[in-house]
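Let's take a walk through this structure together. Have a look at the sequence and the model first, and then read on.

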Amino acid sequence: MKSNKNDFIEKLESGIKDLNISYSREQLEQLWEYYLFFREENKKYNMSTITEPEPVIKKHFLDSLVILKQLNFKGRKRWLDIGTGAGFPGMVLKLFLPGDSFYLLDSSAKKVNFLNQLIYKLNLKGIDATHGRAEDLAQIKEWRASFDYVCSRAVAPLNILLEYAVPFLKIGGLAYFYKGPEYKSEIEESQNSLDVLGAEIKEQITLDVPGLEADRYLIIVEKKSETAEKYPRRAGIPKKRPL
Ligand code: SAM
């Protein structure tokens with residue numbers, strides 16, 4: 001494995017350069033450590049079918065980082081990644097936004113366990129992995145309406161995802177949803193969710209992930225007003241009966 005390190009770092013660095021974001025040697029090394037641990041633990045936990053170096057670089061690491069190029073983040077922010085899985089995008093974003101606070105949330109205990117071990121291994125501060133469902137955590141005072149940013153990839157169609165995400169945001173806070181080519185029809189299905197939860201679509205961006213053929217899009221949603229207390233409804237209901 002060790003002999004593959006240079007090759008991995010070279011490919012990663014080339015992709016990050018194409019993304020036009022600034023980076024350090026330390027960040028490349030951290031992503032290499034992340035990759036090694038992910039690959040090792042995936043044998044036990046079966047978190048992802050994507051485990052070869054190049055696909056992990058493109059589909060997990062660069063895909064997570066691509067929003068940094070699009071957006072202009074200023075100041076220290078509080079982020080939540082809903083349904084983070086093995087840390088995509090939240091864990092990867094944290095490595096490039098070390099001053100921001102990140103909360104990684106997932107309903108799978110084994111993935112959260114993996115993330116907590118990784119946080120310890122990389123000796124990261126200002127990041128926390130929590131086991132739970134978005135519907136439950138969003139009703140807790142310390143979590144509700146307390147985040148500047150929510151991000152989420154591959155968790156649910158937009159109308160359902162909005163019910164998970166918007167209650168966590170402060171008014172004026174933004175949600176970044178990573179989406180595939182079906183994003184337009186998802187938006188069409190989401191007007192009622194947006195109205196009921198007090199949010200608006202702010203932007204739809206076509207993403208360009210270096211070396212990735214797949215069409216990737218970002219939907220940015222802004223919270224405009226307070227969300228009624230009854231949302232999100234109890235665990236499982238948003239998915240069963242989308243708004
Ligand atoms: N975001 C990661 C990625 O892009 O690789 C993982 C995507 S995986 C397909 C979806 C993840 O969302 C799973 O790990 C699942 O446990 C989590 N999840 C689904 N519904 C959830 C909910 N209501 N609250 C918290 N996590 C949820």
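Predicted model: local features only at pLDDT ≥ 70, side-chain atom pairs only at ≥ 80, totals over all residues.

Residues are numbered from 1 along each chain as its sequence is written, and side-chain values use heavy atoms, with hydrogens and water left out.

Start with the largest pocket, which has a volume of about 650 Å³. A pocket here is an open set of points on a 1 Å grid over the protein atoms alone, where a 1.4 Å probe fits, with protein on both sides within 12 Å along at least five of seven lines; lining residues have an atom within 4 Å of a point. Points are joined across faces, edges and corners, and the volume is the space filled by probe spheres set on them. The lining counts 35 residues, and Gly83, Gly85, Arg153, Ala154 and Val155 lie nearest the centre. Helix 3 gives the most, with 3 residues. Strand 2 (101-106) and helix 7 (158-165) are among the other elements that each supply at least two. (Helices, H or I with at least four residues, and strands, E with at least two, are DSSP runs numbered from the N terminus.)

So what takes up this space? The ligand does; a molecule sits in a pocket if more than half of its atoms lie within 2 Å of the pocket's grid points. Around the ligand are 16 residues, the closest being Gly83, Phe88, Asp106, Glu135 and Arg153, where being near takes a heavy atom within 4 Å.

Now for the polar contacts, pairs of N or O atoms within 3.5 Å. Asp106 has a polar side-chain atom 2.6 Å from an oxygen atom of the ligand. Arg153 places a side-chain N or O atom 2.6 Å from a ligand oxygen atom, and a polar backbone atom of Ala134 is 2.9 Å from a ligand nitrogen atom. The protein covers 78% of the 600 Å² of accessible area that the ligand has on its own, by the Shrake-Rupley method with a 1.4 Å probe.

Finally, the backbone. Most peptide bonds are trans, and most residues other than glycine have a negative phi. The bond from Phe88 to Pro89 is cis, with omega near 5 degrees, and the one from Tyr231 to Pro232 is cis with omega near 0 degrees. Asn20, not a glycine, has a positive phi of about 65 degrees.

How values were computed: Polar contact = N/O pair within 3.5 Å; in protein donor to acceptor, adjacent residues only side chain to side chain.
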